Amino acid sequence: MQALSCAISAYPAHLLNKTGPKPIASLYSNSVSLSFNHNPLVPEVVEAADSLSSEFRAVENLVAYNTGRVLKAFKNARVGSHHFAGCTGYGHDEAGGREALDQVFAEIFGAESAIVRSQFFSGTHAITCALFALLRPGDELLAVAGAPYDTLEEVIGKRDSHGMGSLRDFGVEYREVPLAADGGLDWVALPVAIKPQTKCALIQRSCGYSWRKSLSVRDIERAIKIIKKQNPNCLVMVDNCYGEFVENIEPPMVVSALLFSFSIYCRVNLLLLVNGGQGADLIAGSLIKNPGGTIAPCGGYVAGSEKWVKAAAARLSAPGLGVNCGSTPGDIMRAFFQGLFLSPQMVGEAIKGSFLIAEVMSSKGYHVQPLPRFPRHDIVQAVQLGNREKLLAFCEAVQRSSPVASFTKPVAGFTPGYASEVIFADGTFIDGSTSELSCDGPLREPFSVFCQGGTHWTQWGIVLGENGVGFWLDNILV
């Protein structure tokens with residue numbers, strides 16, 4: 001993960017010595033002004049956090065860099081308090097907030113255009129609008145990163161949608177390129193995978209519920225180049241969920257590092273430098289994941305080429321209405337702007353949490369993905385627990401350590417869009433928010449739990465500590 005030497009430390013100066021941050025255990029040890037002398041983190045968590053000081057510092061540098069990008073976009077759009085007003089009915093009179101938010105998103109993601117709306121009620125919904133915008137009867141959709149996330153199976157028609165209007169119902173064919181043996185993209189199969197009828201290649205950035213590597217933006221860039229070399233007219237759609245702000249660039253921006261750096265330095269739009277480029281044609285995601293900064297109450301986005309963003313908007317609304325309608329009542333618009341500004345920081349804390357989970361759980365003998373201290377390309381940390389009882393126990397422990405509904409017990413069951421039983425631990429302020437501390441997993445082999453979010457990495461430190469995950473896993477009878 002790239003570190004910027006000019007970044008300012010996130011720790012207060014008086015808590016740092018000349019060689020770097022003090023160990024976590026010693027930060028408050030000499031303080032007489034505090035009313036406690038008990039570290040709430042158990043020794044193994046403290047030791048793991050201390051050992052991750054260089055990884056945490058690199059994350060802080062990434063946060064500083066991405067915060068700068070976000071701030072620049074806000075300033076360029078001249079965001080003001082008048083943009084926070086809501087609107088009702090058709091949403092025609094919304095004081096320019098909708099247009100400003102779209103502009104900010106487009107600049108941050110290096111896209112020509114963007115649409116950010118409360119009417120997108122999930123990442124799956126935003127992705128579906130994007131896919132239906134790109135594909136027509138007789139076209140083929142090719143998933144190049146193995147099987148897509150469970151909730152897209154009925155959208156595609158891979159699983160029977162019972163005539164509810166999947167892509168397959170409309171005559172769109174589907175294929176997928178299986179992953180390579182190492183869990184990454186199959187760089188041997190991909191160069192010969194595109195057929196004349198392949199209209200769209202779908203790249204899922206995050207691991208989803210698969211035990212595989214999440215893709216770096218550079219992996220995505222390499223895949224796009226291979227796809228476009230076979231057929232320049234083949235469109236590339238990236239499911240960007242869980243990946244926003246985890247790196248210093250996004251999929252529409254992968255033209256070249258040199259040109260991107262030049263565009264930032266000269267304050268010019270990257271799209272003015274490169275016509276077409278090798279970036280993703282469309283990306284889509286959810287605001288109750290990374291870009292909502294833990295406070296956006298709903299919504300999603302689509303960004304990319306203006307032509308295809310407008311087409312996605314027509315799927316969300318109706319042809320002829322597109323981006324010009326849609327109310328945003330109450331104070332939601334302010335939450336969208338503020339959440340986006342907070343996103344780099346919240347994502348940084350989630351990344352730190354993922355490092356800590358990997359470090360602690362691997363020390364207990366569990367398989368983890370990504371591996372400890374490996375670069376992160378999304379905020380998801382998977383842990384292979386091996387059986388149903390341990391998966392249930394892990395999620396129950398997370399729920400008990402959550403700020404909301406800690407007194408409830410998560411129960412596995414069938415959820416719309418999922419083929420298997422799934423269990424969710426999400427004691428979150430925003431229902432289903434995975435930018436907040438949460439975990440979930442399907443009740444199927446190898447019984448992996450997928451952890452994400454957290455407004456501060458110490459939340460995961462508490463979860464992993466005394467009477468938390470470790471206690472319940474160590475004492476469960478199987």
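A salt bridge, as the term is used here, is a side-chain nitrogen of Lys or Arg within 4 Å of a carboxyl oxygen of Asp or Glu. The model is predicted, and for that reason local features need pLDDT of at least 70 and side-chain atom pairs count only at pLDDT 80 or more, while totals for chains, interfaces and linings use all residues. Residues are numbered from 1 along each chain as its sequence is written, and side-chain values use heavy atoms, with hydrogens and water left out.

**Stop one: charged pairs**

Begin by selecting Asp 139 and Lys 199, which form a salt bridge with their closest N and O atoms 3.8 Å apart. This pair links distant parts of the chain, 60 residues apart, with Asp 139 in the loop between helix H4 (123-134) and strand E4 (140-143) and Lys 199 in strand E6 (residues 198-204); helices (H or I, at least four residues) and strands (E, at least two) are DSSP runs, numbered from the N terminus. Asp 139 has a relative accessible area of 15% and is therefore buried, whereas Lys 199, at 24%, counts as partly exposed. Buried means under 20% relative accessible area and exposed over 50%, with partly exposed in between (1.4 Å probe, protein chains only).

Next select Asp 102 and Arg 117, whose side chains meet in a salt bridge of 3.1 Å, N to O. Asp 102 belongs to helix H3 (residues 97-108) and Arg 117 to strand E3 (residues 113-117), so that the pair links distant parts of the chain, 15 residues apart. Asp 102 counts as buried at 10% relative accessibility, and Arg 117 is buried with a relative accessible area of 3%.

The structure holds 24 salt bridges. To see a network of them, select Arg 57, Glu 60, Glu 349 and Lys 352, which are linked in this way.

**Stop two: a buried lysine**

Move to Lys 289, in the loop between strand E8 (282-286) and strand E9 (300-304). Which side chain of opposite charge is nearest to Lys 289? It is Asp 239, 7.5 Å away, and Lys 289 is buried yet has no salt bridge; for charge, Lys and Arg count as positive and Asp and Glu as negative, while His and the chain ends are not counted. Leaving out residues up to four places away in sequence, Lys 289 touches Gly 123, Cys 241, Tyr 242, Thr 434 and Ser 435, where contact means heavy atoms within 4.5 Å.

**Stop three: an open sheet and its helices**

Now display the open sheet of five strands, in the order E10-E11-E14-E13-E12, with antiparallel pairing; two strands pair if DSSP finds at least two bridges between them. Strand E10 (367-369) and strand E12 (422-425) are the edge strands, each pairing on one side only. Between strand E13 (residues 438-442) and strand E14 (residues 448-452) there are three bridges, and Ser 438 stands opposite Gln 452 in E14.

Helix H11 (residues 388-400) lies across E12, E13 and E14, at about 25° to E12. Axes are lines fitted to C-alpha atoms, for helices over the stretch in contact, and angles run from 0 to 180 degrees between N-to-C directions.

**Last stop: the nonpolar core**

Finally, select Leu 141, Ile 203, Met 237, Met 361 and Phe 394, the residues with the most contacts inside the largest nonpolar core, which has 138 residues. H10 gives the most to this core, with 14 residues. A nonpolar core is a set of buried Ala, Val, Leu, Ile, Met, Phe, Trp, Tyr and Cys residues joined through side-chain atoms within 4.5 Å.
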